[in-house]
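Please examine how the chains of the model below meet one another. The discussion begins with their interface and then turns to one helix.

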Amino acid sequence: MRKSLVWLLIIAALLALPMANAAAEPTQELIFALQNEPDGIDPSVTNNSFAAPFLFNVFEGLVTYDTADGSLIPGNAESWTVSEDGLTYTFTLREGLKWSDGSALTAKDYLYAFKRILTPATVAQYLGLVTDYVAGAQDYYDGTGSEEALGVKAPDDRTLVITLTAPAPYFLAILTMWTFDPVQQATVEANGERWTASPDTYVVNGPFKVSEINLGESVVLVKNPEYYDADKVKLEKITFRYITDMGTALMAYESGEVDGSRSFPPTDYARLRSGDNGLVIVPAYATTYYDINNAKAPYDNVLVRKALNLAIDRTSLIEDVIQTPATPAYTLIAPGYVVDGKDFVEGRSTFGLSPTADVEGARAALAEAGYPNGEGFPALQLSYYTNDTTKKTAEALAAMLSENLNITVEISNEDWAVYYNNIQAGNYDIGAMGWGADYLHPMTFLPLLKTGDPNNLVGYSNPAYDELVTKAQGETDPAAAVKLMQDAENIASAEYPLLNLFYRSNTMLLRPKVQGYLFDYSGNIYFKTAHITE
Amino acid sequence: MRAYILKRLLMMLVTLLLVTLLTFTLMHVVPGGPFTRDKQLPPSVLEALEKKYHLDDPLPKQFLDYLSGLLRFDLGPSFKYTGKTVNDFIESGFPYSGKLGLLTLVFVLLASIPMGILAALKNGRWQDMLLMGLATLGVTIPSFVIATGLLYVAAFRLGWVPTFGVEKWQGYILPVLALGGYSISFLARLMRSSLLEVMGQDYIRTARAKGLTETRVIVRHALRNALIPVVTVLGPTVAGLLTGSFVIEKIFAIPGMGAHFVNSVTQRDYTTIMGMTVFYAAFLISMVFLVDLFYCLIDPRIQYK
């Protein structure tokens, strides 16, 4: 009897051993909830930010971001040289790069992706990124330039040479965007537009590859063993599950059915902030503002625009209305770009603005503009696009403006498709807008106020500003470029071309047991080196 | 009868054609186009897009092209989702929406008809009050409130069922309850009032006078007639349930067709708007047709010539 008990104990101990091991080694699998399905996952075609969770994890370009600190590091290219005039970039690709189907990835694949983007039938939505910078690209697209004249060359399998139209010191940052990822000619040509529709034909080159696509439901990523840095990839499987309702996503997260969620209801922010539940907050390189129609009276008057800016209580907007982390914005360019350890915005003027409203100052400016106590000021049309958060901001803003300036404010809203057309046509007084940076460089913001730029929707025009921006675009020394850009921004900000409200933050939910990922200024998540710890 | 069916089929095609034409016209009248995105597209790309999707053709030609595609059951590519077709949306979404709808339908029928009968037979008594009180709540409370409430209590607080998805069979329970709430209440009320009306008819008195048992009076004579209004509304109800609900599918994260009905409109995804409308219209018309045929079975007086 006693003997058998001993045996039982031994057997129990043996059984417990592998179980203890299993507990120490957590499965490297993750379920992450996304609230939006992207309009496509073809890196050459889409400009849809909802594609980011996929494209930044299944593709990799010439350069990429270090998941530890967010700095630019070599990606598919192991090294590069830039010519003295800042025009020619020569990249050397890593040896033995492979596609997820095991075939070799060469500089020719990069060249093919460029040529594909520059083919009108591809309808590349980020076309401008290539035609604005790469020599001969616009002519090639228009059919007036030859391949010889195109500034992209692949002299051998491991060398890619890109020639620019003008020096652009931030070109490497632009290259991190998925538009510049390679695509495999064989699969694109064999399957046409539908090459992205099935895991078998969706050939990629990043840390992960797609193993399942369930329309409207989920996309499953698994580790890509052909990736050159596969040793560093710890996660075996990431399931991106579409849960479009933020409330449901939050419940799924809190009940433990998903490990993370890209969004949650803003009304739950205050509660989540106070607990230790994996709320991740990162400052965004993004600004929320209202366009002011600078071309239309009375908004063509600097004093009127100043009065509008002074009349806003930005702190109340952030704390009472949007209830998400943000900081008041007095100028367009968000903090985040650092050169020589100094942020671009350090020491920047506030242009007479403060976190709360300056009612007296606002009324004084309006009086000086010829509307004492708001008398004679035409009814202000405040437009916004249909969206819950935007609606709340618009209503609060309207109340502040009408109360603090004693003017009439009329609110109207429209679907984005109609709204955006109206703004483009200059058919508005002030309208909700915002800018999320595509790459971490002030130059992503500056063209918004440049004369003739398609994204300049406010009709602001100042030759001195335009000149400084053009100069900065060609300045190869980063410190000198910062000075030029700061000067340019100061000129514009003093004329209040926009109604800047706040600099946003990116937030998401992800369990603390997940470590080693990068959640960047654009809200992109890089899972390359992520792992589950407990 | 055969002539009648042929005539009806022809009428259905005409109706469908009119629906298609009307949707097409309305869609193009509404301002805004399918390619207004959060980021500005260069004019040359817009041009290429319009060319790719033949939006530069004259509208009558676009419509005829669409019709010819429709004849081949080709609903065209989505304008919003690159590389996906409207057929993809239906093929992937309908199995989910259809299964959920079918389960809900069974649940609705099993619950609402007995509820209505019981309320009618106990007219004015506490059972009637209770059931009709519940039914009034079911009609007046919006489904998203029911859905969110159920989700919070049964899935989140008690953990009985998953909070999202229908990967497990338990996932169907809450969506079926939330989706069926309105239909149950509506049908139960209809069943009750219809049965009450029939019970007051002369022939019921006759049946009773003949000395038939009360069960036999109700089942054989009253119920068959009382069911006719219920069967009438069943057609649209079935079509509505099986083609998916935007709200319910969103709240429970079910990858059905419901989302496309709403999103395609705000995104001006022309082909998807057309495809969803035509699919729903065809479904609805077929259901109404089936209901009309079904009348013959329950009421021998109804004959089609």
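In this predicted model, the area buried between chain A and chain B is about 3800 Å², and carbon and sulfur atoms give 55% of that area. Of the area that chain A buries against chain B, 17% is supplied by D39(A), L215(A) and M251(A), more than by any other three residues. In terms of contacts, 43 residues of chain A are in contact with 40 residues of chain B.

The rule finds 11 residue pairs in polar contact between chain A and chain B, counting pairs with both residues at pLDDT 80 or more. The elements that give two or more residues to the side of chain A that touches chain B are helix 4 (127–131), strand 10 (237–242), helix 8 (246–254) and helix 14 (416–424) of chain A. Helix 14 of chain A gives the largest share of that side, with 6 residues. By class, the side of chain A that touches chain B comprises 21 nonpolar, 11 polar and 11 charged residues.

The rule also finds 5 salt bridges across the interface of chain A and chain B. The side chains of R268(B) and D415(A) meet in a salt bridge, with an N to O distance of 3.5 Å.

Helix 11 of chain B covers residues 258–266, and its buried residues are G258(B), H260(B) and S264(B). These buried residues pack against helix 4 (86–121), helix 10 (246–251) and helix 12 (270–298) of chain B.

How values were computed
Residues numbered from 1 in each chain as written. Chains lettered and ligands numbered in written order. Predicted model: local features only at pLDDT ≥ 70, side-chain atom pairs only at ≥ 80, totals over all residues. Heavy atoms only, no water. Contact = heavy atoms within 4.5 Å. Buried area = accessible area lost by both parts, 1.4 Å probe. Salt bridge = Lys/Arg side-chain N within 4 Å of Asp/Glu carboxyl O. Polar contact = N/O pair within 3.5 Å; in protein donor to acceptor, adjacent residues only side chain to side chain. Helix = DSSP H or I, 4+ residues; strand = E, 2+ residues; numbered from the N terminus. Nonpolar A, V, L, I, M, F, W, Y, C, P; charged D, E, K, R; others polar. Buried < 20%, exposed > 50% of the residue type's maximum accessible area, 1.4 Å probe, protein only.
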